[in-house]
Amino acid sequence: MNQNFDIIIVGGGAAGFFTAINIVEKNPKLKVAILERGAEVLQKVRISGGGRCNVTHACFEPNELVKFYPRGEKELRGPFHQFCSGDTIEWFEKHGVELKIEADGRMFPVSNSSQTIIDCFLKATQKLGIAVLTGQSVQSIFNPEVSGENVWKIETQTENYLSEKLILATGSNPKVWEMLQNFGHAVVSPVPSLFTFNIKDSRIKELPGVAANVTVTVKDTKLKSTGPLLITHWGMSGPAILKLSAWGARILHDKNYQFTIFVNWLNDEETADVEKKLKDLKQEHAKKSVSKKSPFELTNRLWESLVLASGIETETKWADLSKTQLQNLANQLTKGIFQVNGKSTFKEEFVTAGGIDLKEINFKTMESKLHQNLYFAGEIVNIDAITGGFNFQNAWTSGFIVANSI
């Protein structure tokens, strides 16, 4: 038996639910179903932001917001003028969820629980009569242009579904991408984005938990990032590293995650200027021990480690530093060389760069340029962002635009 709907959405995640709810709110006459392959819906929402769900970011200017997307910056400018972070806040408030802004700009539900977002979506789908069908793994999709019918046919392992319009909101799903390639869509092959760097190095081995404001560059590339860096048991993490991993997703993949980075622990200070400061400190603190207290905005533990790495013994006094030792220390502080050997997934934020080629999508409607009545929402397309609520904002914006155009 075929089950008939006006619209079928494949993917029971953030983008799928947001699209469905907005469609039926705008046109209650439409019969809509969400197909989810797992036993549970909204699983990524549940674990995101450490279980708090980082809904969006307090960046309200479309032209500023797009700068957080390594892939999609140009294409999202128009969509963000239609539905931006301010609209997200308003939408959730209207649906009974109040959001709050944290110091770094990330926005969470006031409840501090992702369950609040899940409950909001489930309540809305129930109220609007949207069918949420779990355990429905799509096996094949038949294109109306091929089948000669005027509807899409979706086969799962247990059911057949027919619908006039089809929305794909499956995130990074190789099986669905393969089906789309059979329709002639180009898929940019997926590579990981948002990962931390594995580094084994005596300078940081004993320092997990230590943070600093730095500038990091990747050798032999134009990749450069500034911001907080966090030393971890397996290497380096924090916003500065995650930004590099997002912008460098393809380049670092091509290097097989084996590359060299330079860390300026003093952010943007020049080596020559730092060397001059160290010479002044040699005069001022002649009788004091070099390693005991950091004269810069670095923790004493990190400072001590860099002093030792410069060939300076723990008890050495400032007055006894040689010219070479001063140069070594200036180099360690402003251009420390670290070898990266591999990557680790950042918390649960598994994000990939890759997906449907952006040239094949009409960003005024999120409809395929190749096939009528086929729409995309969320991470199925080649758009991804750095961490901070931006990937969810792309899900809300694309879902809203699909709903609007339908």
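Modeller: Helices here are DSSP runs of H or I with at least four residues, and strands are runs of E with at least two, numbered from the N terminus. Keep in mind that this is a predicted model.

Colleague: Fine. How many helices and strands does the protein come to?

Modeller: The count is 14 helices and 21 strands.

Colleague: And what box do the C-alpha atoms fill?

Modeller: Roughly 85 × 40 × 35 Å, taken along the principal axes.

Colleague: What share of the residues is buried?

Modeller: Of the 406 residues, 54% are buried. As for contacts between residues at least 6 apart in sequence, 73% of them join residues at least 24 apart.

Colleague: Let's go to α12. Which of its residues are buried?

Modeller: Helix α12 covers residues 300-309, and Leu302, Trp303, Ser305, Leu306 and Val307 are buried there.

Colleague: Take α13. At what angle does α12 pack with it?

Modeller: About 130°, and the axes are 9 Å apart. The two helices are therefore oblique to each other, since an angle has to be over 145 degrees to count as roughly antiparallel. Their crossing is right-handed.

Colleague: Which residues meet there?

Modeller: From α12, Trp303, Leu306, Val307 and Ala309; from α13, Leu329, Gln332 and Leu333. By class, that contact has six nonpolar residues, one polar and no charged.

Colleague: What follows α12?

Modeller: Gly311 does, and its phi is positive, near 80°.

Colleague: Other helix pair: how do α2 and α6 pack?

Modeller: Helix α2 is residues 43-51 and helix α6 is residues 114-128; the angle is about 155° and the axes are 8 Å apart. That angle is why α2 and α6 count as roughly antiparallel.

Colleague: Is the crossing left-handed or right-handed?

Modeller: Right-handed, with α2 passing α6. On the α2 side the contact is made by Val45, Arg46 and Gly51, and on the α6 side by Ser114, Gln115, Ile117 and Ile118. The classes in this contact are three nonpolar, three polar and one charged.

Colleague: Switching to single residues. Where is Ile154?

Modeller: In strand β8, which runs over residues 152-156. Ile154 has 0% relative accessibility, so it counts as buried.

Colleague: What is Ile154 in contact with?

Modeller: Leaving aside neighbours within four places in sequence, the contacts of Ile154 are Ile8, Leu35, Val138, Ser140, Glu159, Asn160, Tyr161, Ser163 and Leu166.

Colleague: And how many Å apart are Ile154 and Ser193?

Modeller: They are 31 Å apart in space, C-alpha to C-alpha, and 39 residues apart in sequence.

Colleague: Last one, Thr365. Which strands is its loop between?

Modeller: Thr365 is in the loop between β19 (361-362) and β20 (367-368).

Colleague: Why does Thr365 count as buried?

Modeller: Because its relative accessibility is 19%, and the cut-off for buried is under 20%.

Colleague: What does the side chain of Thr365 reach?

Modeller: The backbone nitrogen of Glu367, at 3.2 Å.

Colleague: And which residues does Thr365 touch beyond four places in sequence?

Modeller: Tyr375, Ile401, Val402 and Ser405.

Methods: Residues numbered from 1 in each chain as written. Predicted model: local features only at pLDDT ≥ 70, side-chain atom pairs only at ≥ 80, totals over all residues. Heavy atoms only, no water. Buried < 20%, exposed > 50% of the residue type's maximum accessible area, 1.4 Å probe, protein only. Polar contact = N/O pair within 3.5 Å; in protein donor to acceptor, adjacent residues only side chain to side chain. Contact = heavy atoms within 4.5 Å. Axes fitted to C-alpha atoms, helices over the stretch in contact; angles between N-to-C directions. Parallel < 35°, antiparallel > 145°, perpendicular 65-115°, else oblique. Left-handed = near helix turned anticlockwise from the far one by under 90°. Nonpolar A, V, L, I, M, F, W, Y, C, P; charged D, E, K, R; others polar.
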